[in-house]
Amino acid sequence: MDLNYKLAKNKLLASDIDGCRQFFEDNGYNLEAAYCCLMEDDLKNAKELFARSAEKDVRAQWGLFLCDLAAGKVNTYPTYLQLRNFLEIDLNLLLKYYKGDYFENIIRYVDWLCTINPEVHKYIGRVLLKSGYEKEGLYFLQQAENYFYNDPELHYLFAEYYFNKNDIKNAGTYINKCLGVLPEYFPAINLQRKLKLNCQ
């Protein structure tokens, strides 16, 4: 893979977009150029660039939907796998670029998106938690817990949050819930070991 491409992509992902769009456009990287346009609030050109690759590229198909979602004007459906593979990554990118308006527009559709992929609340909650929006992240994880209770990963996210807050009781409770659903879930087993070490 081209070293210059790697450098430009790493800059884009690190929210250092200066010069990236021009490089991607000049070298025919339509998908990456489209993401630059999205982060620069140029939704029209973002959609045009995504559309060039949409026939053969699932990520570009998702990108077209994402542009409409970010604008709050949805008229197509995403697939289960698109939500699973791309939503969390792109929400994280939007937060890195301080695209709160886009993020809020996406959240308005959360209940509808959950009819397509029931893990959507969890994805949003995890992004918010990892980005420092703890209250909001917990809210979305709690929404997921209301209807997706037998998800070991969801219980682990709660356990990890409480462990990082040094809330031993709640961390232990959620570790037990996680292992009650999936006894061999390694992240929870590992966290349980750490918890026991902290308690000694």
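1. Let me start with asparagine 117, which sits in the loop between α8 (110–116) and α9 (120–130). Bear in mind while reading that this is a predicted model.

2. Is asparagine 117 buried or exposed? Its relative accessible area is 0%, and the cut-off for buried is under 20%, so asparagine 117 counts as buried.

3. What does the side chain of asparagine 117 reach? It goes to the backbone nitrogen of glutamate 119, at 2.9 Å. Leaving aside residues up to four places away in sequence, asparagine 117 touches Tyr80, Leu83, Arg84 and Tyr123.

4. Now to a helix pair. Helix α4 covers residues 43–53 and helix α5 covers residues 58–71. The two pack with their axes 7 Å apart, at an angle of about 160 degrees. Anything over 145 degrees counts as roughly antiparallel, so that is how α4 and α5 run relative to each other. Their crossing is left-handed.

5. Which residues make that contact? From α4 come Leu43, Ala46, Lys47, Phe50, Ala51 and Ser53. From α5 come Ala60, Gly63, Leu64, Cys67, Asp68 and Ala71. Sorted by class, the contact of α4 with α5 has eight nonpolar residues, plus two polar and two charged ones.

6. Staying on α4, have a look at glutamate 48, which is also found in this helix. Glutamate 48 has 36% relative accessibility and therefore counts as partly exposed. In sequence, glutamate 48 and alanine 34 are 14 residues apart; in space, their C-alpha atoms are 7.9 Å apart.

7. Two last figures for the chain. Of its 200 residues, 47% count as buried. Among contacts with a separation of 6 or more, 49% come from residues 24 or more positions apart.

Methods
Residues are numbered from 1 along each chain as its sequence is written. This is a predicted model: local features need pLDDT of at least 70, side-chain atom pairs count only at pLDDT 80 or more; totals for chains, interfaces and linings use all residues. Side-chain values use heavy atoms; hydrogens and water are left out. Axes are lines fitted to C-alpha atoms, for helices over the stretch in contact, and angles run from 0 to 180 degrees between N-to-C directions. Helices (H or I, at least four residues) and strands (E, at least two) are DSSP runs, numbered from the N terminus. Angles under 35 degrees count as roughly parallel, over 145 as roughly antiparallel, 65 to 115 as roughly perpendicular and the rest as oblique. A crossing is left-handed if the near helix is turned anticlockwise from the far one by less than a right angle, and right-handed if clockwise. Contact means heavy atoms within 4.5 Å. Ala, Val, Leu, Ile, Met, Phe, Trp, Tyr, Cys and Pro count as nonpolar, Asp, Glu, Lys and Arg as charged, and the others, Gly among them, as polar. Buried means under 20% relative accessible area, exposed over 50%, partly exposed in between (1.4 Å probe, protein chains only). A polar contact is a pair of N or O atoms within 3.5 Å; within protein, one must be able to donate a hydrogen and the other to accept it, and residues adjacent in sequence count only if both atoms are side-chain atoms.
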